[in-house]
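Please look through the sequence and the model below before reading on.

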Amino acid sequence: IVPVQQPAVQTAQPAAQPRRQHVMEVMEYIKDLRMDPVKDADMLWIAEEALQAQLPPNWEQHTDDEGRIYYHNQATGESRWEHPMDDAFRDVVEYY
């Protein structure tokens with residue numbers, strides 16, 4: 001019996017991991033989205049969604065020499081400290 005060789009299987013790149021934060025960092029992030037964690041308790045789902053948002057196409061997450069996370073767009077060359085979707089989530093907060 002001759003073993004049949006299986007075709008090579010390409011595995012997809014793992015999906016970007018949700019941003020994991022310490023409780024105090026989450027509170028700061030909520031404020032950065034222009035929400036009050038007490039007055040806007042009914043909108044905290046927006047922060048939860050924002051913290052789990054995937055990167056848009058062409059964006060990658062990197063870490064600098066000091067361990068700080070930044071984001072880089074391969075197509076445009078733009079780099080930024082904030083997640084590229086943060087502005088969209090601020091707009092949701094403003095609209096809500």
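The points that follow cover the overall fold, the sheet, the nonpolar core and the aromatic pairs.

The structure is a predicted model. Of the 96 residues in the chain, 25% are buried.

**Overall fold and surface**

- The accessible surface of the protein chain amounts to about 7700 Å², and carbon and sulfur atoms account for 53% of that surface.
- When contacts between residues at least 6 apart in sequence are considered, 42% of them join residues at least 24 apart.

**The sheet**

- The 3 strands make up an open sheet with the order S1-S2-S3, and the pairing is antiparallel.
- Strand S1 (59-63) and S3 are the edge strands, and each of them pairs on one side only.
- S1 and S2 run antiparallel and are joined by 5 bridges; within this pairing, Glu60 has His72 in S2 as its bridge partner.
- S1 and S2 also form a hairpin, with 5 residues between the two strands. Gly67 lies in the turn of this hairpin and has a positive phi of about 85 degrees.
- S2 and S3 likewise run antiparallel, with 2 bridges joining them; here Tyr71 stands opposite Arg80 in S3.

**The nonpolar core**

- In soluble globular proteins, nonpolar side chains tend to be buried together.
- In this model, the largest nonpolar core has 12 residues, namely Tyr29, Ile30, Leu33, Met35, Met43, Ile46, Ala47, Ala50, Leu51, Ala53, Phe89 and Val93.
- Helix H1 (23-32), H2 and H3 are the elements that each give two or more residues to this core. H2 gives the most, with 4 residues.
- Met43, a member of this core, is in contact with Met35, Val93 and Tyr96 when its neighbours within four places in sequence are left aside.

**The aromatic pairs**

- A pair of aromatic rings is described by the distance of the centres and the angle of the planes.
- The structure holds 2 aromatic pairs. One of them is formed by Trp45 and Tyr96, whose rings are 6.0 Å apart centre to centre, with 75 degrees between the planes. This pair is edge-to-face, because the angle between its planes is over 60 degrees.
- The pair of Trp45 and Tyr96 links distant parts of the chain: Trp45 belongs to helix H2 (residues 44-51), Tyr96 belongs to the segment after helix H3 (86-95), and the two are 51 residues apart.
- Trp45 has a relative accessibility of 42% and therefore counts as partly exposed. Tyr96 has a relative accessible area of 51%, so it is exposed.
- Tyr70 and Trp81 also form an edge-to-face aromatic pair, with 6.2 Å centre to centre and 75 degrees between the planes.
- This pair, too, links distant parts of the chain, with Tyr70 in strand S2 (residues 69-73) and Trp81 in the loop between strand S3 (79-80) and H3, 11 residues apart.
- Tyr70 counts as partly exposed because its relative accessibility is 24%, whereas Trp81 is exposed because its relative accessible area is 52%.

Conventions. Residues numbered from 1 in each chain as written. Predicted model: local features only at pLDDT ≥ 70, side-chain atom pairs only at ≥ 80, totals over all residues. Heavy atoms only, no water. Phe/Tyr/Trp six-rings, centres within 6.5 Å; stacked < 30°, edge-to-face > 60°. Buried < 20%, exposed > 50% of the residue type's maximum accessible area, 1.4 Å probe, protein only. Core = buried A, V, L, I, M, F, W, Y, C linked by side-chain atoms within 4.5 Å. Contact = heavy atoms within 4.5 Å. Areas by Shrake-Rupley, 256 points an atom, 1.4 Å probe, with all protein chains shown as cover. Pairing = 2+ DSSP bridges.
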